[in-house]
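Student: Hey, I've got a protein open here and I'd like to talk about its aromatic rings. Can you help me get started?

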Amino acid sequence: MFCKAGKSRSNPEQASRERRVGQGGCVRILTGWWQKPFSVSKNVWAGMSLASMNIPQVLGYARIAGMPPVTGLYTVLFPLVAFALFGSSRHLVVAADSATAAIFSSALSEMEPVGSAAYIHLVSAVALLNAGFLLVARLCRLGFLADFLSRTVLVGFLAGVGVQVSISMLYDMAGLDVSSHNTVVQFVSFVRAGVHMHPLSVGISCMACAILLCGARFFPGRPVALGVVLGALGLSWLLGLEQYGVTVLGPMQGGLPHFAVPVVSWHQLLALLPVSASCVFVIIAQSAATSHAFAYRLHETVNANADIMGLCAANAAAGLSGTFTVNGSPTQTAMAVQVGGTSQKAQLVFAAVTLCVLLFFTGPLQYLPRCILGSVVFCVAVGMIDTAALNHIRQESPGEFRLALVTMATVVSIGVEQGIFIAIALSLFRHVRHSYRPHTMVLKPDPATQMLEAVPVRAGEQTAPGLVVYRFCADLFYANCSLFAEDIELLLAGAPTPVRCIVVDCSAITDIDYSAASVVRDVLLRLHMRGVRVIFGRVASYALVDMERHHIVSALGEGNVYAQLHQAMASAEQTVAQ
């Protein structure tokens, strides 16, 4: 579990308990998880609202997966409970997901007929393989991969998912069938299909959206969506909306799942390994992005490794209960936050409602209009586009704002999983770009205070006649070591007084790689040949280890490495004075 930022931990016993809970697992049940100070009634209402919106949605994901509709409900039964027990995120909803469903369905449909018993066994086997891969990822502590998702990337990611989902939901709202999985193609096709829209479905959708948006504006935290879904269900049953051309969910099977280990051959198991590996990459990336995005938005923290363990347990439960791969869903998590869920209690209520539906209410569910489902999801998706956060990023950092827009555009045009990986790559590239051209400066005494102040490196800059104090504000590695050599040459070539000593402020240098060390030794050799003494000051212990390993200390000579800058400058001033 994670806690609110800035929360007081004055009680040592409570702090110890929270540390154990932060590790995930069933420990939280034994350490007072159910006694956390949240409103139970609020989570009950949130769980019921979440069920009313998501139960029809997971039925649609079952159709994408090529599985019987009831298996969509199975994804929000035992897998949901498994993540609530073992995961860390308070808000992440782990259930059926369109991205992973599309991955395995396209591959498995070539191995067995879609919907057949053999196909269902393969789908469940993929879920179990996912659990195995996720267990390995947890043991290897791969949760650190989530650290490469910056807040900028997460804002763009959620905005892209919001645009993607809202466009796809327009089809259900207008009574149309989706013709493509690509969002751009969907939008173009929707515009062209204007004359084929079903007027009554459009009218119902507009009314539902108006109620939902007004409810979110004037009655935040109230179960407005639950009221809309139940009201539409009742009106559809009383008025027989299906006979007027309004598409409804239709009849579906009920009952509990049967636990069994899927039976596949060794040859099939080997063929499933790359399919499962692809799903696991998407599961880790999408779930981490979603949980961190909402943790940032709500000023909370999250334990990525515990979430991986929760995802492992959820997929194991899915594979054994005859359903398909589950994943952290951005849309369903946004729904949980929007309806006021404060912990996984809301998700457990969601699972309890699903159990009741499977046992008693699969009959009435057939009357729910698809346009109502589309309207609910559409309003949630629009709320995922955080325009205020995007505007703040644009004002403070235009470069990062462009990164957020690229992330959003990639998610919309290519896909969620590709958008995440491209965003991570762009974030790393941006970081390397800053390290490639770091700030470098010369320290000079201020005329008024005589305190050392930093000025940019320019020809002719000196700290004192014959003395230069140079600061390199990054680690030295193969890409930026040439800048170090160029700056030193520039300071020497344009010096008004011949430089007798250079002091390198190493306070920002924490690591030196092999290529950079070779360049530094070459620079030191050339300076010594010109009679210029070089002293390294503010050398940290870990940097000193690198310097000794790369023979930089021996190239400097004895007495030219200091832990403090003032010691290095005192020695340099003696050299200049001589």
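Predicted model: local features only at pLDDT ≥ 70, side-chain atom pairs only at ≥ 80, totals over all residues.

Student: Okay, how many aromatic pairs does the structure hold?

Tutor: There are seven aromatic pairs.

Student: How are the rings of Phe104 and Phe324 arranged?

Tutor: Their centres are 6.1 Å apart and their planes are at 50°, so this pair is tilted. It links distant parts of the chain, 220 residues apart: Phe104 is in helix H6, while Phe324 sits in the loop between helix H13 and strand S2.

Student: And is Phe104 buried or exposed?

Tutor: Phe104 is buried, and Phe324 is buried too.

Student: What about Phe472 and Phe484, how do those rings sit?

Tutor: That pair is edge-to-face, because the planes are at 75°, with the centres 5.9 Å apart. Phe472 belongs to strand S5 and Phe484 to helix H20, so the pair ties together parts 12 residues apart in sequence. Both Phe472 and Phe484 are buried.

Student: Which residues are in the cluster there?

Tutor: Tyr470, Phe472 and Phe484, linked by ring pairs.

Student: New topic: what sits over the ring of Phe218?

Tutor: The charged end of Arg217 does, 5.3 Å from the ring's centre.

Student: Last one, which residues form the nonpolar patch on the surface?

Tutor: Leu235, Trp237, Leu238, Leu239 and Tyr367, with about 560 Å² of accessible area together. Leu239 is in helix H11, which covers residues 224–239.

Conventions: Residues numbered from 1 in each chain as written. Heavy atoms only, no water. Phe/Tyr/Trp six-rings, centres within 6.5 Å; stacked < 30°, edge-to-face > 60°. Helix = DSSP H or I, 4+ residues; strand = E, 2+ residues; numbered from the N terminus. Buried < 20%, exposed > 50% of the residue type's maximum accessible area, 1.4 Å probe, protein only. Lys NZ or Arg CZ within 6 Å of the ring centre and 35° of its normal. Patch = residues over 30% accessible without salt bridge, like charges linked within 9 Å, V, L, I, M, F, W, Y side chains within 5 Å. Areas by Shrake-Rupley, 256 points an atom, 1.4 Å probe, with all protein chains shown as cover. Salt bridge = Lys/Arg side-chain N within 4 Å of Asp/Glu carboxyl O.
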